Each structure stands twice: as structure tokens, then as C-alpha cells.
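Hello,

Here is the structure I promised to pass on to you. Please open it alongside this email, and my notes on one of its helices follow below.

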Amino acid sequence: MHNKIILASQSPRRKQLMEMAEMEFEILIADVDETNPPGMPGEQVPEFLARKKADAVSHLVNDAIVIAADTVVLLEHHILGKPTDDAHAISTLKQLSGRMHKVVTGVCIRKGEKEMCFSTTTEVYFRQLTQNQIEHYVAHYKPFDKAGAYAIQEWIGVTGIEKINGDYYNVMGLPIGEVIVALKEFL
């Protein structure tokens with residue numbers, strides 16, 4: 001019996017990772033309020049939002065496996081969101097320069113009443129970035145749809161990241177290896 005898989009995300013990077021894993025899936029998204037409860041620790045926000053996304057899509061599909069995810073960048077427990085403009089992106093990257101931050105992705109997999117949710121954390125260490133590097137990246141890569149104003153697989157990751165502790169693909173937006181392991185519980 002073949003189980004239909006729904007990716008509840010419009011992220012091109014999550015789509016790419018699912019395709020790299022040679023998974024057959026469809027994309028279906030629903031409008032979700034991505035506001036987290038006041039006082040919720042930043043580390044818990046991605047799993048909370050992934051569960052909300054899974055809730056919103058699950059009732060639209062019958063007997064399909066829904067995979068939902070959300071990623072945040074945390075600098076000293078403070079969430080650095082998606083930048084709204086060039087100045088915001090530059091400011092965010094200046095904050096990350098020469099420092100370690102955490103990328104946390106929450107994943108929620110659901111089929112009917114069965115649900116499995118988890119979070120994966122990766123530590124990312126940026127080298128000291130120059131003003132020119134930051135401005136070049138923002139001007140050429142327009143990182144406005146990316147938490148923390150960067151993508152590890154782009155120029156800034158290649159030139160500016162010293163090391164990571166944890167799952168590289170998690171930093172891209174989906175710990176695909178863990179997702180594949182978790183999916184075995186639903187197949």
C-alpha cells in the first residue's frame with residue numbers, strides 16, 4: 001500500500017531536500033498564524049509552529065502523511081526572524097558575525113490521529129564578516145525569505161561559516177535524515 005505524503009511548506013529548500021531524498025510528495029499549504037505564545041522559549045517555537053501547520057493541512061487531506069516544519073535562528077535565545085528589507089538583513093548578519101548561533105527546526109509528522117513531533121538543533125559558527133561581505137551577500141542573494149537572513153548553501157555559507165555542530169540539512173530548513181527515520185513509523 002502506497003502512502004501519500006504531503007509537504008505542508010512552501011519553502012523551496014524543504015522541497016529540494018525532499019526531492020534529493022527521492023521522496024514522492026505533493027505540496028499543500030494552509031494559512032497559519034505564525035505568532036507564538038508570549039513567553040514561549042525560542043527553542044520550543046519551531047515545534048509549536050510545525051504542529052500548527054500540520055493541524056491546518058491534516059484536516060484537508062484524507063489518509064495522507066503530512067510533514068510540516070518551521071525553522072528559527074536563535075542568537076542567545078532570541079529569535080532572529082526573516083528580514084524585512086536590506087537594512088534589517090545587514091543588521092541581522094552583523095549580529096551573527098564572529099559568533100555562534102543555533103538553528104532549530106521543528107518537524108511535525110501526522111497521519112490521522114497518529115503524530116510525531118521533534119526538534120533538531122544545529123550550532124553554526126560564523127567567521128568575522130566584513131561590512132563589504134555582508135552588503136555583497138544581501139545585494140546579490142536577497143535573503144528576505146530566510147530565517148536569520150542567510151542560507152548556508154549560498155555564498156555566505158561557503159565563505160563565512162567557520163564550522164557547524166549538527167545536521168547541515170537542518171540549517172537548510174529540514175533535518176531530512178531524521179524525517180526519513182521518523183516516517184518509518186507511518187509507513
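In this predicted model, helix α4 spans residues 131-141, and its buried residues are Ile134, Tyr137 and Val138. Why do they lie on the same side of α4? They cover an arc of only 95° around the axis, which puts them there together.

What covers the buried residues of α4? The cover includes α3 (86-96) and α5 (155-160).

The axes of α3 and α4 are 10 Å apart, and the two helices pack at an angle of about 135°. Angles from 65 to 115 degrees count as roughly perpendicular and those over 145 as roughly antiparallel, and α3 and α4 are therefore oblique to each other. The crossing of α3 past α4 is right-handed.

Here is who takes part in that contact. From α3 come Asp86, Ala89, Ile90, Leu93 and Lys94, and they meet Gln131, Ile134, Glu135, Tyr137 and Val138 of α4. Sorted by class, this contact of α3 with α4 has six nonpolar residues, three charged ones and one polar one. Ile134, Tyr137 and Val138, then, are both buried and part of the contact with α3.

Enjoy exploring it!

Best wishes

Note on methods. Residues numbered from 1 in each chain as written. Predicted model: local features only at pLDDT ≥ 70, side-chain atom pairs only at ≥ 80, totals over all residues. Heavy atoms only, no water. Buried < 20%, exposed > 50% of the residue type's maximum accessible area, 1.4 Å probe, protein only. Helix = DSSP H or I, 4+ residues; strand = E, 2+ residues; numbered from the N terminus. Arc of directions from axis to C-beta. Contact = heavy atoms within 4.5 Å. Axes fitted to C-alpha atoms, helices over the stretch in contact; angles between N-to-C directions. Parallel < 35°, antiparallel > 145°, perpendicular 65-115°, else oblique. Left-handed = near helix turned anticlockwise from the far one by under 90°. Nonpolar A, V, L, I, M, F, W, Y, C, P; charged D, E, K, R; others polar.
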